[in-house]
Amino acid sequence: MSGLSRRHLLAGAAGLTAAAGLYGSADLVRSAAGAGQRREQALRIGYLPITDAAPLLIAHSAHLYPAGSVSSAKPVMFRSWSGLAEAFVSRQVDVAHLLMPMAIQLRQVLGANVRVLGWNHTNGSALTVAPDITELEQLIGTQVAIPFWWSIHNIVLQKLLRAHDITPVVRRTASRAKRTVELIVMSPSDMVPALANRSISGYVVADPFNAIAQIKKIGRIHVFLGDVWREHACCVLVTRDDVIAERPHAVQAVTDAVVAAQLRIGTDRPRAAEALTTGSYLPQPLPAVRTALAYPNPPYQFQRPDWSPQLVGFQPYPYPSFTRRLVEEMHETVVDGDRGFLDTLDPARAHSELVDDTFVLNSLAAQGGQQAFGLTGLDRTEQVHLL
């Protein structure tokens, strides 16, 4: 990479804006602009091996991407959010699913370059804790892992902790006397062994890592995040403004394929789980992926069963109300890294500055309209319920 070293960008596991703090936003922009002079006609896709990536992967498995729009090679798998973000910034990949708060952060730091095309999924994450932990208060004085500072996982976890008069802290040892919990960033694949050896008391992450902990009996799901924030977005489909400008037809083709894949997954989740594992898109065992997509036996009593909080959902429309509420929550969230970009992050303007829903609206129309996904309109009121 030019200007921004891998070492400094990987410091973004503590927030990619930490790199901006070292170099300044202008340097980060120049690095992103000059890093990838290599151009290919076919768009390149990157992903993390979690069920959140299923639409991108099923679109490839089912040959939904039109020839020439996407690289014929399989989507490129990354093991950490910082690694995927680095590849996206440096133009090694053109399309990816990113944590929505991360996408917001990157756009603020990089300027007009990161663009959200639509939602990749809703729900699909949980707080998983050691088997003997039955109350949030038992996390006091311990470490809990999150996948990235700017993630819905960190945001919702902190809201839950504060609702129970527990203070989240970073770079400070947790204290029972002070009712604090130390948050640490960890790659999803490292969370299961860390919980097994009790170096952490719990983690908040996407599936199938919650399902794996339950299947292996090394942890239990304490709460699905969908039981806190109804049908919240976690990962979003992103590309860059230059890709849209140079290859709008390919961007539309990719969006069409992803939306079609979302419908396909919803009609046959067991088949989707099999395609994800037998096709080696996800390295986790089939029982874990199948459980993550269906949760036939919910592991706890839901607070809002009508929300279907245990089910990862697949609908593509990015509600403006969610973006606004998310930005408001980001202002209240503790992270380890530079928070300076929040100074210019206005909840009222964030959606229009970040999201281009032109492509996804075209895709929805091509797939039967809003009703095909059970949508009743393009406006909604965010529903957040703290347990």
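A: In this predicted model, the axes of helix H11 (residues 248–267) and helix H16 (residues 358–366) come within 9 Å and cross at roughly 50°.

Q: What makes H11 oblique to H16?
A: Angles under 35 degrees count as roughly parallel, and 65 to 115 as roughly perpendicular, with the rest as oblique; the axes of H11 and H16 cross at roughly 50°, and that makes H11 oblique to H16. The crossing of these two helices is right-handed.

Q: Which residues make the contact between H11 and H16, and how do they divide by class?
A: H11 contributes Pro248, Val251, Gln252, Thr255, Asp256 and Val259, while H16 contributes Phe359, Val360, Asn362 and Ser363. By class, this contact of H11 with H16 has five nonpolar, four polar and one charged residues.

Q: Why is H7 called roughly perpendicular to H14?
A: The axes of helix H7 (residues 152–163) and helix H14 (residues 320–330) come within 10 Å and cross at roughly 65°. Since 65 to 115 degrees counts as roughly perpendicular, that angle makes H7 roughly perpendicular to H14. The crossing of H7 and H14 is left-handed, and its contact is made by Ile152, Ile155 and Lys159 of H7 together with Phe322, Arg325, Leu326, Glu329 and Met330 of H14. The residues of this contact divide into five nonpolar, no polar and three charged.

Q: What makes E7 and E10 the edges of their sheet?
A: The six strands of this open sheet follow the order E7-E8-E6-E9-E5-E10, with mixed pairing. Strand E7 (167–169) and strand E10 (220–224) each have a single partner strand, so one side of each is left without a neighbour in the sheet. From one strand to the next, the twist averages 30°.

Q: How do you know that E6 and E8 pair?
A: Two strands pair if there are at least two bridges between them, and four bridges join strand E6 (residues 143–146) to strand E8 (residues 180–185), the two running parallel. The bridge partner of glutamine 143 in E8 is glutamate 182. Across strand E5 (125–129), E6 and strand E9 (202–206) lies helix H8 (residues 188–196), running at about 150° to E9.

Q: Why do E2 and E4 count as edge strands, and how do E4 and E11 pair?
A: Another open sheet has five strands in the order E2-E1-E3-E11-E4, and its pairing is mixed. Strand E2 (76–77) and strand E4 (114–119) each have a single partner strand, so one side of each is left without a neighbour in the sheet. E4 and strand E11 (residues 235–240) pair in the antiparallel sense over five bridges, and tryptophan 119 stands opposite valine 236 in E11. Helix H5 lies across strand E1 (45–47), E3, E4 and E11, running at about 140° to E3.

Q: How do you know that aspartate 242 forms a salt bridge with arginine 91?
A: The cut-off is a side-chain nitrogen of Lys or Arg within 4 Å of a carboxyl oxygen of Asp or Glu. For aspartate 242 and arginine 91 the closest N and O atoms are 3.3 Å apart, and the pair forms a salt bridge. The pair links distant parts of the chain, with aspartate 242 in helix H10 (residues 241–246) and arginine 91 in the loop between helix H5 (81–89) and strand E3 (95–99), 151 residues apart. By this rule the count comes to 15 salt bridges.

Definitions and conventions
Residues numbered from 1 in each chain as written. Predicted model: local features only at pLDDT ≥ 70, side-chain atom pairs only at ≥ 80, totals over all residues. Heavy atoms only, no water. Axes fitted to C-alpha atoms, helices over the stretch in contact; angles between N-to-C directions. Parallel < 35°, antiparallel > 145°, perpendicular 65-115°, else oblique. Left-handed = near helix turned anticlockwise from the far one by under 90°. Contact = heavy atoms within 4.5 Å. Nonpolar A, V, L, I, M, F, W, Y, C, P; charged D, E, K, R; others polar.
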